[in-house]
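Please prepare a briefing on the model shown below, with attention to helix packing and to the surroundings of the ligands.

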Amino acid sequence: MSKLFRAVIMGPPGSGKGTISERIAQSFGLTHLSSGDFLRENIAANTEAGVLAKTYIEKGLLVPDHVMTRLVLPRLGEMTRYSWVLDGFPRTLIQAKALNSSCDLDMVISLNIPLETLKERLSHRWIHPASGRVYNMVFNPPRIQGVDDVTGEPLVQQDDDRPEALVTRLRHYKDVAKPVIDLYKSMGILHTFSDTETDQIWPYISSLISNKIPTVRPDPRCTSP
Ligand SMILES: Nc1ncnc2c1ncn2[C@@H]1O[C@H](COP(=O)(O)OP(=O)(O)OP(=O)(O)O)[C@@H](O)[C@H]1O
Ligand SMILES: Nc1nc2c(ncn2[C@H]2C[C@H](O)[C@@H](COP(=O)(O)OP(=O)(O)O)O2)c(=O)[nH]1
């Protein structure tokens with residue numbers, strides 16, 4: 001790769017950030033960085049930030065900005081020689097400004113998915129809590145029902161993914177994300193994708209990234225659904 005490439009992916013819960021980030025990572029050889037994974041690692045390791053973050057996550061709240069920036073920015077600092085796609089951060093304007101002052105982003109991908117689609121998807125989402133691996137009982141089911149492919153441990157459904165909880169989460173996402181989206185729009189790096197299916201959106205994202213990093217050929221095995 002001739003030049004480093006840095007992208008952020010934004011979207012409401014269930015919009016496909018994790019799924020699309022993984023495809024980007026596999027197709028273009030980028031590293032997928034996820035704020036949720038950073039948090040889970042810190043919680044598992046009982047770090048000071050992890051212990052604090054857990055109290056917020058358990059209540060369904062966002063982790064405070066100063067905790068998140070202190071957690072995420074040093075990790076990005078370790079990635080100066082790598083291209084990456086960042087999923088789950090920034091979520092607030094304060095986080096976005098902190099990110100801007102620590103690195104130059106090439107692209108922000110914003111996923112705009114209808115509410116009914118999000119509700120449907122999340123009702124089928126099961127996760128492996130220890131690793132954060134995400135399954136969908138319809139779209140990408142585990143090999144054995146109810147069980148994580150890698151560890152064989154049981155999968156769980158998050159309370160947050162219930163349709164009643166989703167409407168509140170979505171409203172909250174929109175309020176908090178709007179100024180972040182406006183900021184990236186004003187910087188001229190925002191690309192918004194609207195559809196009900198990841199497989200429909202993916203070719204557009206793939207060709208957009210190919211144009212930005214023409215020396216990297218997408219892996220053909222990952223471009224078709
Ligand atoms: N950038 C962030 N700022 C504040 N809190 C965050 C941030 N990223 C993650 N969190 C906290 O960690 C929790 C888990 O994050 P993660 O992104 O894995 O899942 P999520 O919120 O269920 O999102 P989604 O449903 O969009 O995948 C969030 O609910 C939130 O409490
Ligand atoms: N039916 C269907 N399900 C999809 C599609 N894209 C992703 N999914 C699934 C995978 C997950 O179970 C769920 C949410 O996706 P995700 O990648 O975890 O989203 P996000 O919360 O990281 O934004 O929806 C899709 O295009 N169709």
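Helices α2 (35–44) and α4 (residues 65–77) pack at an angle of about 105°, with their axes 11 Å apart, and they are therefore roughly perpendicular to each other, a label that covers angles of 65 to 115 degrees, while those under 35 count as roughly parallel, those over 145 as roughly antiparallel and the rest as oblique. This is a predicted model, in which local features need pLDDT of at least 70 and side-chain atom pairs count only at pLDDT 80 or more, whereas totals for chains, interfaces and linings use all residues. Residues are numbered from 1 along each chain as its sequence is written, and chains are lettered from A and ligands numbered from 1 in the order in which they are written.

- The contact joins Ser 35, Phe 38 and Asn 42 of α2 to Met 68, Leu 71, Val 72 and Arg 75 of α4, where contact means C-beta atoms, placed from the backbone, within 7 Å.
- The residues of this contact of α2 with α4 comprise 4 nonpolar, 2 polar and 1 charged; Ala, Val, Leu, Ile, Met, Phe, Trp, Tyr, Cys and Pro count as nonpolar, Asp, Glu, Lys and Arg as charged, and the others, Gly among them, as polar.
- For α1 and α8, the axes come within 11 Å and cross at roughly 40°, which makes α1 oblique to α8.
- On the α1 side the contact includes Thr 19, Ile 20 and Arg 23, and on the α8 side it includes Thr 198, Trp 202 and Ile 205.
- By class, the contact of α1 with α8 has 6 nonpolar, 4 polar and 1 charged residues.

**Surroundings of ligand 1**

- Ligand 1 is surrounded by 17 residues, of which Pro 13, Ser 35, Gly 36, Leu 62 and Val 63 are the closest; a residue is near a molecule if its C-beta atom, placed from the backbone, lies within 6 Å of it.
- Helices α1 (17–28), α2 and α3 (48–58) each supply at least two residues of this shell, and α2 gives the most, with 3 residues.
- The shell around ligand 1 holds 8 nonpolar, 6 polar and 3 charged residues.

Notes. Helix = DSSP H or I, 4+ residues; strand = E, 2+ residues; numbered from the N terminus. Axes fitted to C-alpha atoms, helices over the stretch in contact; angles between N-to-C directions. Contact = placed C-beta atoms within 7 Å.
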